[in-house]
Amino acid sequence: MPELEINLDALAHNLRLIRRQEQAWGFRFLPVLKMVASHPDVVDFLRTQGYARYGIADMTEHLLYGQEPPARTGRVLINLAPPDRADDVVRLFERSAFSCESTFRALDAAARAAGLHHEALLMVDIGDMREGIPQEDAPALLRAVAAASQRAAHGPGAHVAGIGVNLGCLYGTCPDDENMALLEALAARAGALLGHALHRVSLGGSIFWNWFARRHGHGPHLPPGCIMEFRMGDPLLLGRDMYRDETLLAGDFRQDIFRLSATVLEVTERDIRPPRQSVHNGRGLHADCPDLGKRLRALVDCGSLHTDVRGLSLARPDWRISDFSGNYAILDLSGCPQAPAPGEHVRFIPSYWAVARTCRMPHIRKTLIHDTLPGRSLPDSRPASPQQETAPLSEVS
């Protein structure tokens, strides 16, 4: 069974860089934990660093850990709220997103019935065409919900706390002068349309980071008292702009937060040749035999049931992943001067989606590590008994 290592020192380093830019550029960071499925120990780490609020993509992520969170404080649903689950949304989250009047009405009714104040963020589409009301239709929607939002400003109900946008995620749409001008114009009108001040403009997608960096932090002008929020995860968890496939600017961000460790099960030399007769393989695909002839191969216990194998890479140039199935990956070691032995561990560098899939597998162990200290094994369900120290993994890399 593979194991995911999470380097707390690398996380802390990236968080320091983010905090520095918060002060320099004047934004507020909302860490989005979609990549790690809001793992409780990452949440706990952020809270110790002063970040009590965090973004959650799927409203049922807590079911991965076997229990409901003790409180909704700090939990923000960044995806659009499902109107038929409005009762659960206001119970589990202090803020959620909407893009139509019926969803807002459902959130407002549910919050009033529960005696809760719920923040609602109006999502507006400014060009990526994923979610959000078209920007030209947003003023009418703001007027339609203004009375309810005003009523909930200091009591139970749904209160429009701001407007949010997302870029990059569907079509790779970049921020530019035109779509940022549209956002600036809407923010300037929103307070008058709502009848109360706009509290925040939330920018979603790490594609915004390098755009701001190249402009030395200058973005759209917002009304007085309105907060600019960066709603993103990559500066913290990935340390890279995966939209542009380039390093993040404004700091030496670390990209070694995650490592995936797998165990070598067998090492064999095989004479690879096409089968005499074949059909689709276990993944439902027609597979050609790669690298015909005698090949030295290692079988490791990490397959598509555990992670996105296509998103794994190896630090060693003389090793490569040649194929995989549900439970195994096959490493081609041909030409390698020293092969690993069964029982040794191989560490992979996982991509965003490889980490995301592994974090949604409750049976795969996650371990917090430091740069120089042994790891601490953390089961996904949170037992009452103290967690035990584990010895560092052996490594072949």
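**A helix pair and its surroundings**

Modeller: The protein chain has an accessible surface of about 17900 Å², and carbon and sulfur atoms hold 52% of it (Shrake-Rupley method, 1.4 Å probe; for residues, only the protein chains shown count as cover). This is a predicted model, in which local features need pLDDT of at least 70 and side-chain atom pairs count only at pLDDT 80 or more, while totals for chains, interfaces and linings use all residues. Residues are numbered from 1 along each chain as its sequence is written, and side-chain values use heavy atoms, leaving out hydrogens and water.

The chain has 397 residues, of which 51% are buried (buried is under 20% relative accessible area, exposed over 50%, partly exposed in between; 1.4 Å probe, protein chains only). Nine helices and 20 strands make up its secondary structure elements (DSSP runs numbered from the N terminus: helices are H or I, at least four residues; strands are E, at least two). Take the contacts between residues at least 6 apart in sequence: 67% of them join residues at least 24 apart (contact means heavy atoms within 4.5 Å).

Now the part itself: helix 4 against helix 5. Helix 4 covers residues 101–114, and helix 5 covers residues 138–151. Their axes come within 10 Å and cross at roughly 5° (axes are lines fitted to C-alpha atoms, for helices over the stretch in contact; angles run from 0 to 180 degrees between N-to-C directions). Helix 4 is therefore roughly parallel to helix 5 (under 35 degrees is roughly parallel, over 145 roughly antiparallel, 65 to 115 roughly perpendicular, the rest oblique).

Which residues meet? From helix 4 come Glu-101, Phe-104, Arg-105, Asp-108 and Arg-112. From helix 5 come Leu-141, Ala-144, Val-145, Ala-148, Ser-149 and Arg-151. By class, the residues of this contact are five nonpolar, one polar and five charged (Ala, Val, Leu, Ile, Met, Phe, Trp, Tyr, Cys and Pro are nonpolar; Asp, Glu, Lys and Arg charged; the others, Gly among them, polar).

Set aside neighbours within four places in sequence, and Ser-149 is in contact with Phe-104, Ala-158, His-159, Val-160 and His-196.

Step out along the chain. Strand 6 (residues 117–125) is mostly covered, with eight of nine residues buried. Strand 5 (residues 95–98) pairs with strand 6 in the parallel sense, over four bridges (pairing needs at least two DSSP bridges between the strands). Opposite Ala-97 stands Leu-121 of strand 6.

Next, Met-180 in helix 6 (residues 177–194). Met-180 counts as buried because its relative accessibility is 4%. Beyond residues up to four places away in sequence, Met-180 touches Ile-126, Leu-167, Pro-175, Phe-208, Trp-211 and Pro-220. Gly-219 lies 39 residues from Met-180 along the chain, yet their C-alpha atoms are separated by 7.6 Å.

Helix 7 (residues 207–214) has seven of its eight residues buried. Among these are Phe-208 and Trp-211, both touched by Met-180. The others include Ile-207, Trp-209 and Asn-210. His-216 is not a glycine, yet its phi is positive, about 55°. Most residues other than glycine have a negative phi. His-216 is exposed because its relative accessibility is 65%.

Compare Ser-38, in the loop between strand 2 (27–31) and helix 2 (40–48). Here too phi is positive, near 55°, in a residue other than glycine. But Ser-38 has a relative accessible area of 8%, so Ser-38 is buried. In helix 2, the buried residues include Pro-40, Val-43 and Phe-45. Gly-50 follows helix 2, with a positive phi near 95°.

Last, the chain's two ends. Strand 1 (residues 3–7) and strand 19 pair in the parallel sense over five bridges. Leu-4 has Lys-366 of strand 19 as its bridge partner. Strand 19 (residues 365–369) is mostly covered: four of its five residues are buried.
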